[in-house]
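Open the structure in your viewer and keep the selection tool at hand. This tour goes from stop to stop, saying at each one what to select and what to look for.

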Amino acid sequence: MANLDARIKEVKSILTSQDILVFEFVSEGGKRFAAIYADGVADKVTLGELVVKPLRAVRKDDVIKVIKRLLASPEVKDGKDTNSAVEEISDGNAALFIDGESEFFIIGLKKPPGRTVAEPPTQIAVKGPREGFTEDIKTNLGLIRKRIKTPNLQIKNIKVGKQSQTNVAICYIQGICKKGLAEKVEEQILNKEIDVIPDSSYIARFLTKKPRSLFKRSATSEKPDIFCAKVSEGRVGIIVDGSPIALTVPYMLIEDFQSGEDYYIESHRATIIRLLRLLSLLVGILLPAFYIAAQLFKIQLIPLKLLLKISSSVSGIPLSPSIEMFLTLFVLEVLNEASIRMPKYVGLALSVVGALVLGDTAVKAGIISTPAIIIVAFSAICLYTVPDLIETTTTLRWLYLIVAGSVGTFGIVLLSALIICYLISERSYGVPLVSPFAPLILSDLKDGAFKSGIFSLSKRPKVLKTQNKVRLKIK
Amino acid sequence: MKEKFYCLIKKLPSLVICAILAVLLFLFFVNDFGLVDIHKTSVVMSLGIDIDGEDLLVTAQIAVPQPSENGENTSFTEVSGKGATVADALNEINSKTGFYPKLLFCRLILIGEDCKNKNLFELLDYFYRNEYSQYSALVAMCKGKAGDLLKKPTPMANMTTLSIQRILSEELKKSANVSTVNLKMIAQTHYSKSNACYMPYIESSAQGQASGGEQSGEKFNSKQSQDSENKQGSGGESSSKQGEKNGKNGGGQEQGGSSKQDGGKGQSGSSSKQGGGGKQGEQANEFTCRKTAAFSNGKFTGVLNEEQAFALNLLKNDIRLAIVSAQSNGKDYAIGLRNSRGKERLNLENGAFTFSLTYSAKARIQGVTEASTPKKLAENDVITKDVINATSSAIKSAAQSLVEFCVKNNCDLLGVKDMLYKFYKNKFNVFEKDFLNKINVAYDIKISGAK
Amino acid sequence: MQAFVQSTGENKINVRQICFILIAFNVCGKLLLFPNNLSYYAGNGLWLAALIDFAVHTLSVWAAAYACSKSDKTFYQRLVITFGKVPAKIIFSLLALLFFAAAIVPINEQKLYVQEIFYDTIPSLIPFLPFFIFSIYAVQKRFSNTGRAADICFPIFIACFLALIISSFTEINLSHLLPVFNEPINNVLKSSLSNIFRFNESAILLAFMGHFKYKKGDCTKITLSYALGGVLVIFFCILFYCVYATLSPDQFFAVSKTSIFFSAINVIGRIDFIVLYALEIVMVFAVVLNLQLCRYCLEEITGYKNSMVLSLAINGVLIVLTVILDHKFGELQKLYGGVFGIIIFAAFTLLPALSLTIKKGAKNK
């Protein structure tokens, strides 16, 4: 027979924090109960309505089964031991101890503070669903279940992080996903010991053998429709509690050029937009580099009339073209960073400072030239046509700039060849990063650089080696 | 120890990448390979070559961008250098200006009149050797000194080079008004078996005055029969071709009747030349290049007059719309020729070679010296037989004049010998000598109006 | 260490990628000095000289492809089975040397090409040296990487080649090819022989033997691909001569010269350079292919699997040679255009012939 006070003391000796609250109450029949929960995470209203209220009717001689039947909460589990009770309390649930009973219950009361489901700021769709993942894993799983109702959808929950014990859900569709892939993913996550998982990006690092690579190895998405589409193609999805960014593996570089909207609009329009993104990316990365290389090493690249204009603009500038471009890009990066960090109220004033003073006045003062400003601004805009690759592309832009300013146009070519050589040898869970271009898989090209109509995409991507290859059948 | 070594090997790629980045950054900021970048280069727009005593005098027209916020300010200057070769002269220009005269944007090479006695390819040798000069650069000869021509203000653009490039444009080439050639074309025709080449001959005049002492609206094909340009002559004059000439007439559909060339002027406007160099106040100049300088074996042989140059352009170039004048029934017609096809053919018949000059075009009345009724205006494509005959006659006359020039000066501009070599190689050695005098020339001019 | 070695990939390639290599890499390697060198002796018969070179070598390629069809063993394995380990190692050493020798001229050509096309004023050797950073990285990669590089390079090559051809069309004059068969046959043969050292595709195929899955009809596919590459080169030579005629011998780096008369260039500047820079990406992969195969041969001989060390060694020697041969390209061309080149070609022709005679060996399980 377990003494209630002793049980409470036992739990409180492990969970010493003051926000772990103990709510003791007595039923009308005189039975003592104690609910231990974490303040702020557990839903006290639900505790009151679904646990305390019904238990008021317990008589002193009622057995544990009767007590359990009285509980109105749909999420009631039998507790195992004190350690599991501590885990559940830390997770946001409540442990209900009964005086004189060795058994106890875990009541699902988790309701951590969080956002409502809203349109994600990083993936905006003009046409298409506007729901986005939130930081709560249960909400996110609910959004997934809403879209994939098949019983084959498997969600495996694991805990990662010694201190944080973050819930991570691995989702895949049995019968479609390549055999062994989900297990491999789970193994890769679990064989890393870390204290805290604040965000899914930590898990993303665990999923690759080259965490310091410039190119990521897992796709990210904030939208459940995109996530579900990828999982139904045969990928494995990973949802991390506390992060609105979901991950999918295997990853191909072309995925970042595809947006959800491509599948909701006409395919010819989607093709044009995809090609535009590809072109914009190339322009965004290469334009500053080529501009510098042309001025320093090969002015023939610039048409004569434009050359005279540029020459006229730069002839009074005290800095060399490479340093001028370097400084301009540096200013852009500073502005970019500051605009994210600065408080809302000073944002407007500093934007004026950034745009007018640093841009316009610097040109008038003859410190930087107008073409440099135009090129840097245009390049920045171009890179944001593919926001998922922004970290990679901005780094690449810097690399290309340095190479162009030091080695010239040949450096640009060599760096491009080097990057191609690197990319073609990299894989993400057995899938080459630059599929379907290398190796060339003609059937997968239909959803590569251009987008075919829905009826042309009746088979899943060949490169994913799914168990079930057909996704669309016309009866 | 082994572990440390393996640890170092593992870190080696990162260390190498860091080292490479460090070197690149160093090069990026230091950036001094002795290469000539945009701040140090001068944009040579054109070169003029003249003779100064024993040496060559090369004048470069250089665009000098001036500092400005919106890049609107470009002045230009002319710098001259002297030397035994063009390379020496450019070296002197380099030493004078401190700018390395890259010829990447040099699109025009002007050869002064005083270079007539020099072998053309001695003058152009540098351009064929220099890796950076473009074979697409236009070449032209000019009356007087090339350096002086480049310094003349012009109403068409603030830079003389741009003005001259306009009159050597593809547009004018397609109207048979100018014989635009580039370095490649000159070399190809010179090094072929014909061993002859040609280039536009530029003349300048103060705005309002005609070029070279001639009247504006010059007519070629007057009733006089005059000699064509000789080796020392200057200013071409027109001639009509009635009766027998050197070379025989054969075929053809022409009839008598003079025709005149419509004076299609390339210049207009009256604003003076802008830019630096103290050119304010000078009278603006107009440039025309409807004449063509001919060379044989690299030596200057003469200047084709407008009629001859027109015939040459009709045969050699892809013409979009050429204007030719014809007289019929006391009226002057300006006939526009479209669907123009000029061909030269060499045929062997009965042991003798016949050189056929074929020309066909669709004619349309562009203008006539009479007030027309609306009905007549609507029937521009309907041309009377008389007018067609007059047009054919004018063209034939021009072609005959050209042939006469070629024969007289032994200058195979039409590429007859080259054709002999290409199509009748086995007969080449036999006929090569004095070939131009041995061939018969046939003219087949087909002008048609709308049906 | 282990992970680093493993990351260089597998030695697997497929037939499609081989065909792409035989088209794209083959053609790219012959667009620089090959056309103007041919025209130096052969004049307007340069297309005939190229045709002779390609016709002879197509037979070698066919022989090598046919040999590949007979067995799924690698060339080295078959040599071991036929002659024993030591003779096989000797032959493979020679092959490694041949691949290395075959890379020297293309690299020096690239060096000169880069100096002219990528820079306005001719720089020193230093701007070309970063090529070896790429080479060191690329040479250690396996055939799977080579194959995928071909997959990426092929569309780039097609697009660039087409763009250059289209922009050259307005300047061509077919009458420059007349009279046909004008040049004495001696000159044509001299022209052929002086450029024959550039043809080593049959040996490349031998190196790929056993590393790709042979299916029925692949021999024809491979041979036809090579022949198509030959047709493209001959077509380009004809186009080049039709543009420049008697000026052709002076036009080094033909690929950069044919489109300069394109009318758009006067308006929007030298956009053909952008095309050439894209084509250069294909060219650098084509150049390192010989070095990759050299590294592969050395691996087979020595059994040493650390490809990075081998790559460093090969490129180290090459850097030294490039520095020594700086300003000596004329002598190098003379050497390769003479007996040395013929020996290299003979070796690249004999090896496929040899491959037809060696034992097949038992099929791999």
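The colour scheme to begin with is pLDDT, which is the predictor's confidence in each residue, from 0 to 100. This is a predicted model, in which local features need pLDDT of at least 70 and side-chain atom pairs count only at pLDDT 80 or more, while totals for chains, interfaces and linings use all residues. Residues are numbered from 1 along each chain as its sequence is written, and chains are lettered from A and ligands numbered from 1 in the order in which they are written.

**Confidence in chain C**

Select chain C, whose mean pLDDT is 89, with 96% of its residues at 70 or more. Within this chain, residues 1-8 have a pLDDT below 50, and beyond near neighbours in sequence this stretch has 10 contacts in the model, a contact being two residues whose C-beta atoms, placed from the backbone, lie within 7 Å. Where pLDDT is low, the predicted coordinates should not be read in detail. The model as a whole scores ipTM 0.92 and pTM 0.86.

**Two helix pairs in chain C**

Stay in chain C and select helix 2 (residues 15-28) together with helix 8, which pack at an angle of about 55° with their axes 9 Å apart. The contact involves, among others, C:F20, C:A24 and C:C28 of helix 2 of chain C and C:A150, C:F154 and C:F157 of helix 8 of chain C. Helices here are DSSP runs (H or I) of at least four residues, strands are runs (E) of at least two, and both are numbered from the N terminus. Axes are lines fitted to C-alpha atoms, for helices over the stretch in contact, and the angles run from 0 to 180 degrees between N-to-C directions. Helix 2 of chain C and helix 8 of chain C are therefore oblique to each other, since angles under 35 degrees count as roughly parallel, over 145 as roughly antiparallel, 65 to 115 as roughly perpendicular and the rest as oblique.

Next, select helix 13 (residues 272-302) and helix 14 (residues 307-324) of chain C, whose axes come within 10 Å and cross at roughly 125°. That angle makes helix 13 of chain C oblique to helix 14 of chain C. To see where they touch, show C:L291, C:C294, C:R295, C:L298 and C:E299 in helix 13 of chain C, which meet C:S307, C:L310, C:S311 and C:I314 in helix 14 of chain C.

**Two helices in chain A**

Move to chain A and select helix 2 (residues 44-55), where A:L50, A:V51 and A:L55 are buried. They cover an arc of only 105° around the axis, and this puts them on the same side of helix 2 of chain A; the arc is that of the directions from the helix axis to the C-beta atoms. Turn to the other side of helix 2 of chain A and you find A:V45 and A:K53, which are exposed. A residue is buried if 20 or more other C-beta atoms lie within 10 Å of its own, exposed if 12 or fewer, and partly exposed in between, with C-beta atoms placed from the backbone. The buried residues of helix 2 of chain A pack against strand 2, helix 3 (64-70), strand 4 and strand 5 of chain A.

Now select helix 4 (residues 82-91) of chain A, in which the buried residues are A:A85, A:E88 and A:I89. Their arc around the axis is only 100°, which places them on the same side of helix 4 of chain A. An α-helix has 3.6 residues a turn, so residues three or four places apart point the same way.

Most residues other than glycine have a negative phi, and most peptide bonds are trans. Select A:Y429, which is not a glycine and yet has a positive phi of about 50°; you will find A:Y429 in the loop between strand 11 (427-428) and strand 12 of chain A. Then go to the bond from A:A438 to A:P439, which is cis, with omega near 0°.

In chain C, the bond from C:L178 to C:P179 is also cis, with omega near -10°, and C:P179 sits in the loop between helix 8 (143-168) and helix 9 (185-194) of chain C.

**A last stop in chain B**

Finally, select chain B, which has 14 helices and 13 strands. Inside helix 11 (residues 385-409) of chain B, pick B:S393, which counts as buried because it has 27 C-beta neighbours inside 10 Å.
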